[in-house]
Amino acid sequence: MINGDFDKFAGILLNAGSVLLLPHIYADGDALGSCGALAAFLKAAGKSVTLLAGEPPENKLDFLPEISGVDFACFKGNTSVEKEKFDAAVAVDCASPERLGGRLKLFEKATVKMRIDHHASGTDFCTETLLDPEWAATAEGIYLLLNRMGFDRGAERPDWLTDEVEKAVSRCIYTGLLTDTGCFAYSNVTSQTHYIASRVRAFSGDMSFVSHRVYEVKTRAFTRLMKTVYSKICFPDPDVCLLVLTNDEIREAGADESDTSGIANVLRDIEGVTAGIFVKPDNVPGRYRVSIRSELSVDAGKVASLFGGGGHACAAGCVLAAKTPADLESEIGRLLEAVRESKSCSGGRDVDASGGCEDKKDGPEENCGCRGNDR
Ligand SMILES: [Mn+2]
């Protein structure tokens with residue numbers, strides 16, 4: 001079900017002189033791809049467009065600025081952009097104001113505050129919202145929106161919309177679709193997702209490099225770290241896989257934050273496992289970040305929420321406080337108990353009642369690896 005009015009949303013953007021585009025913090029391929037597509041299109045339409053991300057794109061997504069043909073600025077605070085006031089600001093793929101991080105003030109200063117998103121759970125924090133939880137990716141909504149504004153309209157193509165811009169827009173949309181659906185594999189994919197992918201593929205040219213970069217290439221550090229991962233995983237219950245890594249182990253592999261992001265999925269994907277739990281130290285001493293990935297019978301989001309975190313049914317995260325190894329062991333014990341409890345009371349959860357995958361503020365990013373859910 002679509003919330004919002006495409007024509008009104010499009011009208012505001014087409015009447016604005018300056019537009020600010022903001023993907024959620026730690027932006028994924030959908031948030032960045034959606035922003036890139038919107039930016040390339042609006043720039044061609046003659047708008048002054050500022051795309052301001054919370055951080056530089058992670059390595060595997062660093063091709064996005066190039067394929068979009070627009071500048072991806074990165075918010076650092078105290079920059080000249082903070083003095084500006086935009087006619088319209090759009091929060092993209094962003095379910096709550098917290099997910100704008102330090103850019104929230106800038107967003108709130110804009111004349112019209114807008115949001116285009118596909119997360120069912122979220123806060124209504126904008127004057128204009130365009131949202132459909134059935135879009136597999138926000139990029140799906142971006143296509144529908146731009147289509148109202150002249151994109152992919154054949155003979156009705158506006159004069160200013162060149163082949164080059166159509167290609168840039170299409171490549172960005174395709175990236176958003178591909179990355180939020182695990183290469184069109186998850187159950188969030190609909191016939192509309194494939195239809196839109198097919199439409200943009202007609203303009204984009206070969207897009208196989210995206211799945212290669214995002215899903216196939218593993219860093220050497222990740223590969224080294226996996227040796228430790230496989231030697232340390234344990235099964236506290238026959239269907240629960242647990243891994244606790246130390247800072248030393250991560251450092252010895254030469255790994256960083258991005259190298260550990262896929263590990264929880266590896267645990268969940270072992271045959272017979274219903275919940276994979278990955279624990280690693282947080283940057284703050286005495287705190288541990290937990291990623292939970294689950295199959296149908298465990299509600300990862302509910303479990304994480306008991307520990308002050310959040311997420312969605314298949315992928316969630318929370319932070320545990322533990323000063324000593326014994327504290328950590330007991331906190332993990334409580335977590336395992338919560339997982340067992342979730343299993344015994346759910347009797348299988350409803351995968352369609354997904355609430356998106358935004359974590360609470362201090363939880364880790366949990367935007368990938370869920371099979372039965374939207375991102
Ligand atoms: Mn998304």
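Reader: What does Tyr-26 count as, going by its C-beta neighbours inside 10 Å?

Author: In this predicted model, Tyr-26 has 18 C-beta neighbours inside 10 Å. A buried residue needs 20 or more, and an exposed one has 12 or fewer. The count for Tyr-26 falls between these limits, so Tyr-26 is partly exposed.

Reader: Where is Tyr-26 found, and what value is its phi near?

Author: Tyr-26 sits in the loop that runs between β1 (18-23) and α2. Most residues other than glycine have a negative phi. Tyr-26 has a positive phi although its residue type is not glycine, and the value is near 50°.

Reader: In which loop is Cys-183, and what is its phi?

Author: Cys-183 belongs to the loop between α6 and α7. With 14 other C-beta atoms within 10 Å, Cys-183 is partly exposed. Cys-183 is not a glycine, yet its phi is positive, at about 60°.

Reader: At what angle do α5 and α6 pack?

Author: Two packed helices are described by the angle between their axes and the distance between the axes. For α5 (residues 138-148) and α6 (residues 163-180), the axes are 7 Å apart. The angle between α5 and α6 is about 150°.

Reader: Which residues of α6 are met by residues of α5, and how many residues of the contact are nonpolar?

Author: On the α5 side, the contact uses Thr-138, Ala-139, Glu-140, Ile-142, Tyr-143 and Leu-146. On the α6 side are Val-169, Ile-173, Gly-176 and Leu-177. By class, the contact of α5 with α6 has 1 charged residue and 2 polar ones, and its nonpolar residues number 7.

Reader: What is the hand of the crossing where α6 passes α7?

Author: The axes of α6 and α7 (residues 191-204) come within 8 Å of each other. They cross at roughly 145°. The crossing of α6 past α7 is left-handed.

Reader: How many residues of the contact of α6 with α7 are charged?

Author: From α6, the contact draws on Glu-166, Lys-167, Ser-170, Arg-171, Ile-173, Tyr-174 and Leu-177. From α7 it draws on Thr-193, Ile-196, Ala-197, Val-200, Arg-201, Phe-203 and Ser-204. The residues of this contact include 7 nonpolar and 3 polar ones, and the charged ones number 4.

Reader: Which residues is Phe-203 in contact with, leaving aside its neighbours within four places in sequence?

Author: Phe-203 is part of helix α7. Phe-203 has 18 other C-beta atoms within 10 Å, so Phe-203 is partly exposed. Beyond four places in sequence, the contacts of Phe-203 are Glu-166, Lys-167 and Ser-170.

Reader: Which residues have the most contacts inside the largest nonpolar core?

Author: The largest nonpolar core has 69 residues. Helix α2 (residues 29-44) supplies the largest share of this core, with 10 residues. The residues with the most contacts inside the core are Leu-21, Leu-22 and Val-90.

Reader: How many residues has the second, separate core?

Author: Among the members of this second core are Val-240, Val-279, Val-298 and Val-339. The number of residues in the second core is 29.

Reader: How far apart are the C-alpha centres of domain 1 and domain 2?

Author: Domain 1 covers 6-215 and domain 2 covers 219-346. Their C-alpha centres are separated by 31 Å.

Technical notes:
Residues are numbered from 1 along each chain as its sequence is written. This is a predicted model: local features need pLDDT of at least 70, side-chain atom pairs count only at pLDDT 80 or more; totals for chains, interfaces and linings use all residues. Domain bounds come from an automatic or database domain assignment. Axes are lines fitted to C-alpha atoms, for helices over the stretch in contact, and angles run from 0 to 180 degrees between N-to-C directions. Helices (H or I, at least four residues) and strands (E, at least two) are DSSP runs, numbered from the N terminus. Two residues are in contact if their C-beta atoms, placed from the backbone, lie within 7 Å. Ala, Val, Leu, Ile, Met, Phe, Trp, Tyr, Cys and Pro count as nonpolar, Asp, Glu, Lys and Arg as charged, and the others, Gly among them, as polar. A crossing is left-handed if the near helix is turned anticlockwise from the far one by less than a right angle, and right-handed if clockwise. A nonpolar core is a set of buried Ala, Val, Leu, Ile, Met, Phe, Trp, Tyr and Cys residues joined through C-beta atoms within 7 Å.
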